[in-house]
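Please read the points below alongside the sequence and the model.

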Amino acid sequence: MELRVLNYFLAVAREENITKAAQMLHVTQPTLSRQMMQLEEELGVKLFVRSSHSIILTEDGMLLKRRAQELLSLAEKTKRDFVRREEELTGEIAIGSGEFLSARLFSRLLYSFRQEHPLVRYQIYSGNADNIRDYIERGLLDMGVMLEPVDIRKYDFVSIPQKEKWGVLVRTDSVFADRTSISPQELIGLPVISTSREFVQSELGDWFDETYGRLQIVATGNLLYNEAMLAESGMGVALGIELHCTYKNLRFIPFEPVIESSTVLAWKKDQLFPPACTEFIEYAKKYLKSISEDKQ
């Protein structure tokens, strides 16, 4: 039983789809299917229940998944143990992030990690959680900073101790410009520019209650800057999160009652990472935990 085949097996178990797993592993679908059938023959058990759209692990498959994770983790640790101690950590970490207040804290985390590992490079991708999750699934990103909630069946994560406050961006000549807060009822009848994220729409819908269905949504978007430009042009008020940025002709008015969201650094469960990513995840856990404890 080869470690390479066990890695293939974990990818299939994680994706629950041969085609997606083959794409992620950069092998052909027939090759991956053949490897899985040979693995079943070698072990003498049925590992998957196959359907036209997905595959599900059998009890034997679940057992092999646990064993494969242990074996591959041990193999990876063994390789790291034999790396010369004086050798510097190198590699590239691909990280996605939305537009959040927590981006400042996360940047400090990256800076702190770089002080210890100056040869590690970073690829930063900006997008919303839907984009980031898709790129993680496709193997283009190692991890991402995104709003909660996250799918705990697929992702491990560590919380970032920074609350994100929701409100609206209004023009400085708006009747709301001098207000310290705004209620949902006051938005009825106004043209509204809203985020296109479905689960955030649902969250805001819960806060607005029956008022949400009465809002006049004139445009949706996935990043706040473009929505802010629409608001500045006079198209409407833009729903969004307060950021560390200012717009010459706009003001941010928070909601009342207050709506706050939390962000997390998330990565795919059961993923085998290169040493730089593995080291960074462990460092991030300790760094963010220490900040959370300092705030208590």
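1. Glutamate 16 counts as partly exposed because its relative accessibility is 44% (buried means under 20% relative accessible area, exposed over 50%, partly exposed in between, with a 1.4 Å probe and protein chains only). This residue sits in the loop between α1 and α2. Helices are DSSP runs of H or I with at least four residues, strands are runs of E with at least two, and both are numbered from the N terminus.

2. This is a predicted model, in which local features need pLDDT of at least 70 and side-chain atom pairs count only at pLDDT 80 or more, while totals for chains, interfaces and linings use all residues. Residues are numbered from 1 along each chain as its sequence is written, and side-chain values use heavy atoms, with hydrogens and water left out.

3. Overall, the protein has nine helices and eleven strands. Of its 296 residues, 44% count as buried. The C-alpha trace spans about 75 × 50 × 35 Å along the principal axes. Among contacts (heavy atoms within 4.5 Å) between residues at least 6 apart in sequence, 74% join residues at least 24 apart.

4. Which residues of α2 are buried? They are Ile18, Ala21, Ala22, Met24 and Leu25. These residues lie on the same side of α2, because they cover an arc of only 165° around the axis, the arc being that of the directions from the helix axis to the C-beta atoms. They pack against α1, α3 (29-43) and β2 (55-57).

5. Both ends of α2 deserve a look. Just after α2, histidine 26 has a positive phi of about 65°.

6. The largest pocket has a volume of about 690 Å³. On a 1 Å grid over the protein atoms alone, a pocket is an open set of points where a 1.4 Å probe fits, with protein on both sides within 12 Å along at least five of seven lines; lining residues have an atom within 4 Å of a point. The lining holds 32 residues, and Arg14, Glu15, Met24, Gly139 and Gln271 lie nearest the centre of the pocket. α1 gives the most to this lining, with seven residues. By class, the lining has 13 nonpolar, five polar and 14 charged residues.

7. Aspartate 130 is in helix α6. Its side chain makes a polar contact of 2.8 Å with that of arginine 133 (a pair of N or O atoms within 3.5 Å; within protein, one must be able to donate a hydrogen and the other to accept it, and residues adjacent in sequence count only if both atoms are side-chain atoms). Aspartate 130 counts as partly exposed, at 32% relative accessibility.

8. Two cis peptide bonds can be checked in the loops. One joins glutamate 148 and proline 149, with omega about 5°; proline 149 is in the loop between β5 (143-147) and β6 (155-171). Another joins glutamate 256 and proline 257, with omega about 5°; proline 257 is in the loop between β10 (250-254) and β11 (260-268).

9. Aspartate 270 is in the loop between β11 and α9. Its phi is near 65°, a positive value in a residue other than glycine.

Note on methods
Points joined across faces, edges and corners; volume = space filled by probe spheres on them. Nonpolar A, V, L, I, M, F, W, Y, C, P; charged D, E, K, R; others polar.
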